Amino acid sequence: MNCRNLIYAIGWFNLCVVCALIQLSFGKASNFSRCWFPAIYNFGDSNSDTGAVSAAFTGVKPPNGISFFGSLSGRASDGRLIIDYITEELKLPYLSAYLDSVGSNYRHGANFAVGGSSIRPGGYSPFPLGLQVDQFLQFKSRTNILFNQLSDNRIEPPFKSSLPRPEDFYKALYTFDIGQNDLAFGLQHTSQEQVIKSIPDILSQFFQAVQQLYNEGARVFWIHNTGPIGCLPYSYIYYEPKKGNIDANGCVKPHNELAQEFNRKLKNQVFQLRKKFPLAKFTYVDVYTAKYELISNARSQGFMSPLEFCCGSYYGYHINCGKKAIVNGTVYGNPCKNPSQHVSWDGIHYSQAANQWVAKRILYGAFSDPPIPIGQACF
């Protein structure tokens, strides 16, 4: 008898406890070593946006998607993002963006991430984390009503099979990858000292968002910290180098130090969430260290210099992948012929190959607290 067969007998959360005890008693037997997540609900920015910006604004146009999804990828990359590798690992379909009305299916979750979003309102995007959570609450309420109204034999849309089952909201995995834009927007419009002072308020709003989801029945949370923003080619190009402020990899040290400070406080916030909500499971994932390892060892891992990017030209602070421009005498424009050899796709976002490299490191517990793979995050 496996875990899935026990679900309706004893309830999902109690099931996780029972399976964990069995695993401890009998070792890592394959029948009891993984959680069963019927759905994923994701919140974040362009690092995990699978089509929201493309649906809501001007679209994420080619050559984005050239390595995997094609012209309708909706992703700021040549292919898959880390969230796509999460769905593959959990054997679930790729997530449809909540804002995308074309061809979407929400039976196994929804993606509320929007490119440019931050935790606090007032940044690059009109879709901060609080609004994403509000959208989730509306989504949950409306789909529950519709699911109970629709017949299984319905022959025209909407189909019951494309809606989440009401009970799956309590068994789902809730993932977060957000915070980078809070730092980037602050650095662009204020000083580093002011951004550091704003971190407690940023994380207070993150805490409130998680609490709202918990009150709606969410119990398993997978939380990414923010990456080394000082290692983005964008940062290096627009930051005026000063003696001692560029590390051996060409990364802007003050920007990375800011990201590390944010991550220290985020990790402490996750500890506080565990204390306040002992019935929930929180996994803190150190994406920063995984990405910095890739950047530090890029050449030995088959990549070019991490400061080189495959696609994009710069106009002010905006990236227009596919257009041509000259920056400091160098011509940037159409995509390179070998995106799989680049860490950076467009100067800010990672390539599919880099996302896959990072995903392989973070999904199996080596960079997690507690050190468990994503497939055991419910234990």
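## Briefing: packed helices, disulfides and salt bridges

Helix α5 (residues 129–149) and helix α7 (residues 192–215) have axes that come within 9 Å and cross at roughly 10°. This is a predicted model, in which local features need pLDDT of at least 70, side-chain atom pairs count only at pLDDT 80 or more, and totals for chains, interfaces and linings use all residues. Residues are numbered from 1 along each chain as its sequence is written, and side-chain values use heavy atoms, with hydrogens and water left out.

- Helices (H or I, at least four residues) and strands (E, at least two) are DSSP runs, numbered from the N terminus.
- Axes are lines fitted to C-alpha atoms, for helices over the stretch in contact, with angles from 0 to 180 degrees between N-to-C directions.
- α5 and α7 are therefore roughly parallel to each other (angles under 35 degrees count as roughly parallel, over 145 as roughly antiparallel, 65 to 115 as roughly perpendicular and the rest as oblique).
- On the α5 side the contact (heavy atoms within 4.5 Å) is made by Leu 129, Val 133, Asp 134, Phe 136 and Leu 137, and on the α7 side by Phe 206, Ala 209, Gln 212 and Leu 213.
- Seven of the residues in the contact of α5 with α7 are nonpolar, one is polar and one is charged (Ala, Val, Leu, Ile, Met, Phe, Trp, Tyr, Cys and Pro count as nonpolar, Asp, Glu, Lys and Arg as charged, and the others, Gly among them, as polar).

**Disulfides**

- The structure holds four disulfides (pairs of cysteine sulfur atoms within 2.5 Å).
- Cys 35 is joined to Cys 378, S to S 2.2 Å, and the torsion about their S-S bond is about -105°, so this disulfide is left-handed.
- The pair links distant parts of the chain, 343 residues apart: Cys 35 sits in the loop between α2 (12–26) and β1 (40–44), and Cys 378 in the segment after β10 (368–369).
- Cys 35 and Cys 378 are both buried (buried means under 20% relative accessible area, exposed over 50%, partly exposed in between, with a 1.4 Å probe and protein chains only).
- Cys 231 and Cys 251 form another disulfide, S to S 2.1 Å, and with 105° about the S-S bond their link is right-handed.
- Cys 231 lies in the loop between β4 and α8, while Cys 251 lies in the loop between α8 and α9 (253–276), 20 residues apart.

**Around Pro 228**

- Pro 228 is found in the loop between β4 (220–224) and α8 (233–238), and is buried with a relative accessible area of 1%.
- Leaving aside neighbours within four places in sequence, Pro 228 is in contact with Asn 256, Tyr 288, Lys 291, Tyr 292, Ile 295 and Tyr 350.

**Salt bridges**

- A search of the whole structure finds eleven salt bridges (a side-chain nitrogen of Lys or Arg within 4 Å of a carboxyl oxygen of Asp or Glu).
- Arg 80 and Glu 88 meet in one of them, at 2.9 Å, N to O; Arg 80 is buried at 14% relative accessible area, whereas Glu 88 is partly exposed at 31%.
- Asp 152 and Lys 160 form a salt bridge at 3.5 Å, N to O; here Asp 152 is exposed at 64% and Lys 160 is buried at 17%.
- The closest N and O atoms of the salt bridge between Lys 265 and Glu 261 are 2.1 Å apart.
- Lys 265 and Glu 261 are separated by about one helical turn, because they are four residues apart in helix α9.
- Salt bridges that share partners join Glu 261, Arg 264 and Lys 265 into one network.
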